[in-house]
Every structure is written in C-alpha cells, then in structure tokens.
Amino acid sequence: MGQCGITSSKTVLVFLNLIFWGAAGILCYVGAYVFITYDDYDHFFEDVYTLIPAVVIIAVGALLFIIGLIGCCATIRESHCGLATFVIILLLVFVTEVVVVVLGYVYRAKVENEVDRSIQKVYKTYNGTNPDAASRAIDYVQRQLHCCGIHNYSDWENTDWFKETKNQSVPLSCCREATSSCNGSLAYPSNLYAEGCEALVVKKLQEIMMHIIWAALAFAAIQLLGMLCACIVLCRRSRDPAYELLITGGTYA
C-alpha cells in the first residue's frame, strides 16, 4: 500500500515537472506582454517600478524551467538530496510569487492616480506631428481604445494645439472608424469617439496587472502541489523499509 502511494506521488510529481516547463513559457510570455504593452502606454504611467512584477515573473519563469529539470532528474534517480533541493527551491519561488501578487495589487491601486497626473501633461504637449513621441502616444491610444480627450472630446479645446490650429477640430485619431468622411471637426460630434481616454487607459493598465496577479496565483497553487508530492516521496522514502529495499535491490531477511 505504501509503495503504491509512493508510486502515485512520483507519477504526479513527474507530471508536475512537465507542467513547470509549460508554466515557465507562459510566465515569460506574460512578462514580455507586460513590457510590450507598457511601452505603448509609458507616457501615461511614468512610474517604472510598475515593471518590477513583470521582471520578477520573467525571472521566475526562467527559474521554473530549471526547477522542472531538477525535479525530473531527482524523481527518476530517487535522489534524496535532489528532491530536498527541489522542495527548497520551490518554496523560495513560491514566496517570490506571493511577493509578485502583493506588488501587483500595490501598483494596481496606484495606476489611477499616476495616470491622472501624467495624462494631463501629455495632452498639453501634443503638437500633432508624427515624430513627436507624446503625439504618437496620444494618437495610438485614441485609435486603439476608441476614445478622445481626457474625459471627452471637449478637453481638446483647452490644449495649446487646439488654440494654435484655430480650425475648431480635434486630431483625426478621435474619428470613429466607421466614419470615412470625418475631419475631426467639433461641428460633427457624432463622428467622434465620445468616451475619454483616462478611464480606458487606467482600465487597460489595471488589466495588465491582473494578468500578472492571476498568473502568479495559478502557478503558486501548482507549486504547492509539487512541494506536497515531493515531501510525500521524501518522507516515505526515509520511513518505509520496503521502499528502501526497492531502491537498493535488497530483500527481507
């Protein structure tokens, strides 16, 4: 009965190690996705410390690949030292993922205030020229999120760009996709996106943080199961004589 339980635990442990390799790829993908998305919205969120959870989760992903390799080798070779090392590393990674979850929630709560402070400055520096980074960022966000202005399209009336152009129009990026004849004129507000960009940028950045949090929580649960199975194998290996004889090839006297 004890041997059967050990075999089951070992099978689950080997399967979990294979999952760790898949998890390593997924975590690295999530981290890379955060970096790429942040690059699109970095003008609206200047706190670079927000990227710390992404950096950590990529590091954890790389470490999970090594953990999976160690776990497979230790399980197949019945290595007490290897399994103990496997459990210790898993515990350290588990603690790291808990830290990632906490940081994710902390920075998620800061998003709204940070965007509110930054977006005003970005809109004030808009000049409508393509080479300008702030202008490209605003046009990109308005097209991607289908929004116009900070709270609505009327916010453009308070910008230096609007006052200088004197044509009573907003950027073409405010035009609805379905409207081909739109020239940004405020005389035809139905052709413009009605929703402001601030709320949508906040929502987008908070979604990014939630991707990190859910990824860390999911793989933390898998690691707990991995630690449990490894501990079962270790405990029964040291306490069950039949298991020791099975490994050494000995027989009962």
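I started at Ser173 and listed its contacts (heavy atoms within 4.5 Å). Leaving out residues up to four places away in sequence, Ser173 touches Asp139, Gln142, Arg143, Cys147 and Tyr193. I noted that this is a predicted model, where local features need pLDDT of at least 70, side-chain atom pairs count only at pLDDT 80 or more, and totals for chains, interfaces and linings use all residues. Residues are numbered from 1 along each chain as its sequence is written, and side-chain values use heavy atoms, with hydrogens and water left out.

Next I asked which side chain makes a polar contact with Ser173. The partner is Gln142, at 2.7 Å. A polar contact is a pair of N or O atoms within 3.5 Å; within protein, one must be able to donate a hydrogen and the other to accept it, and residues adjacent in sequence count only if both atoms are side-chain atoms.

Is Ser173 buried or exposed? Ser173 counts as buried because its relative accessibility is 2%. Buried means under 20% relative accessible area, exposed over 50%, and partly exposed in between (1.4 Å probe, protein chains only). I found Ser173 in the loop between helix H5 (160-165) and helix H6 (197-239). Helices (H or I, at least four residues) and strands (E, at least two) are DSSP runs, numbered from the N terminus.

I then moved to helix H2 (residues 52-76), where Leu63 is found. Leu63 is partly exposed, because its relative accessibility is 34%. Phe65 lies in helix H2 too. Its relative accessible area is 46%, so Phe65 also counts as partly exposed. Leu63, Phe65 and Ile66 form a nonpolar surface patch with about 270 Å² of accessible area together. Like charges are joined within 9 Å, nonpolar side chains within 5 Å. Areas come from the Shrake-Rupley method with a 1.4 Å probe; for residues, only the protein chains shown count as cover.

Last, I looked at the whole chain. How many helices and strands does the protein chain have? I counted 7 helices and 0 strands. Of its 253 residues, 44% count as buried. The UniProt record (unreviewed entry) lists residues 12-36, 48-71, 83-107 and 212-235 as "transmembrane region". Residues 83-107 are 100% helix, with end C-alpha atoms 36 Å apart. Residues 212-235 are 100% helix, with end C-alpha atoms 34 Å apart.

Definitions and conventions. Patches are made of residues with over 30% relative accessible area and no salt bridge: like charges are joined within 9 Å, nonpolar side chains (Val, Leu, Ile, Met, Phe, Trp, Tyr) within 5 Å. A salt bridge is a side-chain nitrogen of Lys or Arg within 4 Å of a carboxyl oxygen of Asp or Glu. UniProt positions are given in the numbering used here, feature names are shortened, and annotations may be inferred rather than shown by experiment.
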